[in-house]
Amino acid sequence: VMRERARDLVRNNPHAAKGLAVIVSNKIGTGILCGPDPSQMVRPNQRLLKTITDLWTRWIDTCDLTGRLDLYGIQSLAERTRAEAGEALIRFVNVPARKKGDFPLRLQVLEPDMLDSAQHRALDDGSVILRGIEYVRGVPVAYWLFDVHPGDDGIAGRRSSLTSSRVLASEVLHYYKPLRAGQRRGITDFAPVILRLRALDDYDDAEVMRKK
C-alpha cells in the first residue's frame, strides 16, 4: 500500500517529484565511475590496462538488456526505483552473442512488483519461501519472479494467468536499505512523509481556490 501511495505522490505531487530527483542526483549524479586499478597489479602493464579499459567501456555502453541505457543510466534507474518503491531487483541475464566481441552479460532493472509474493510456504527440504524469496537458514537462495509485469494488462486475462519462475539468487541483486535486523524487504523513502505531503498538497489547492 505504501509503495503505491509513494508512486502516486511522485507522479502527482511536485514536492515528492523534486525530492526523488534530489535523492537520485545526490547519490548517483552522472554515474558512479569505476575501472581497473593499476596499483593492484604486480607489474603494471599499460597495454593490458588499455585493453581492459577498452573492453570495460564497451560493456558499459551495451550492458542494458533493453538497449536504452548505459551502466550509469542503470545506476540512476535502480536508485530511483529503490527510493520510490523501497527496493529494486537487478537481474543478470546471459544473451547469445550476435557478433564477435559481444559480451553475453546484460543487466535488467526490475520493479519489486515482479516478486511473486503469493509464494509463501515451507518446502520439504527445510527451506522456506517468504513473500517470493526462498531462504535456506536465513540466506536468500532464489527469487520467484513473474514472467511478465503484473501490471501489464495489454492482453485480456493476463493477470489471472500470471506464472512465476525460480531464479537463483546468484543471478539477482536485491537492492534495498535494511533499517532493522532481519528486515527482508525494502520500504519506500517516502513512508514517513506520505500523509504530510498529501496534506501539504491539499493545503496548496485550498489556498489557490481561496485566492481565486
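Where does isoleucine 187 lie? In this predicted model, isoleucine 187 is placed in the loop between strand S8 (172-176) and helix H5 (194-211). Its relative accessibility is 32%, so isoleucine 187 counts as partly exposed. Isoleucine 187 also contributes to a nonpolar surface patch. Met2 and Leu179 make up the patch with Ile187. The patch covers about 270 Å².

Met2 belongs to helix H1, which spans residues 2-12. Helix H1 packs against helix H4 (residues 71-85), with axes that come within 8 Å. The two axes cross at roughly 115°. On the H1 side, the contact is made by Arg3, Ala6, Arg7, Val10 and Arg11. On the H4 side, Arg80, Glu84 and Ala85 take part.

Valine 93 was examined next. Strand S1, residues 87-94, contains valine 93. Is valine 93 buried or exposed? Valine 93 counts as buried, because its relative accessibility is 17% and the cut-off for burial is under 20%. Beyond residues up to four places away in sequence, valine 93 touches Leu65, Pro104, Leu105, Arg106 and Gln108. Valine 22 lies 71 residues from valine 93 in sequence. In space, the C-alpha to C-alpha separation of valine 93 and valine 22 is 30 Å.

Methods: Residues numbered from 1 in each chain as written. Predicted model: local features only at pLDDT ≥ 70, side-chain atom pairs only at ≥ 80, totals over all residues. Heavy atoms only, no water. Helix = DSSP H or I, 4+ residues; strand = E, 2+ residues; numbered from the N terminus. Buried < 20%, exposed > 50% of the residue type's maximum accessible area, 1.4 Å probe, protein only. Contact = heavy atoms within 4.5 Å. Axes fitted to C-alpha atoms, helices over the stretch in contact; angles between N-to-C directions. Patch = residues over 30% accessible without salt bridge, like charges linked within 9 Å, V, L, I, M, F, W, Y side chains within 5 Å. Areas by Shrake-Rupley, 256 points an atom, 1.4 Å probe, with all protein chains shown as cover. Salt bridge = Lys/Arg side-chain N within 4 Å of Asp/Glu carboxyl O.
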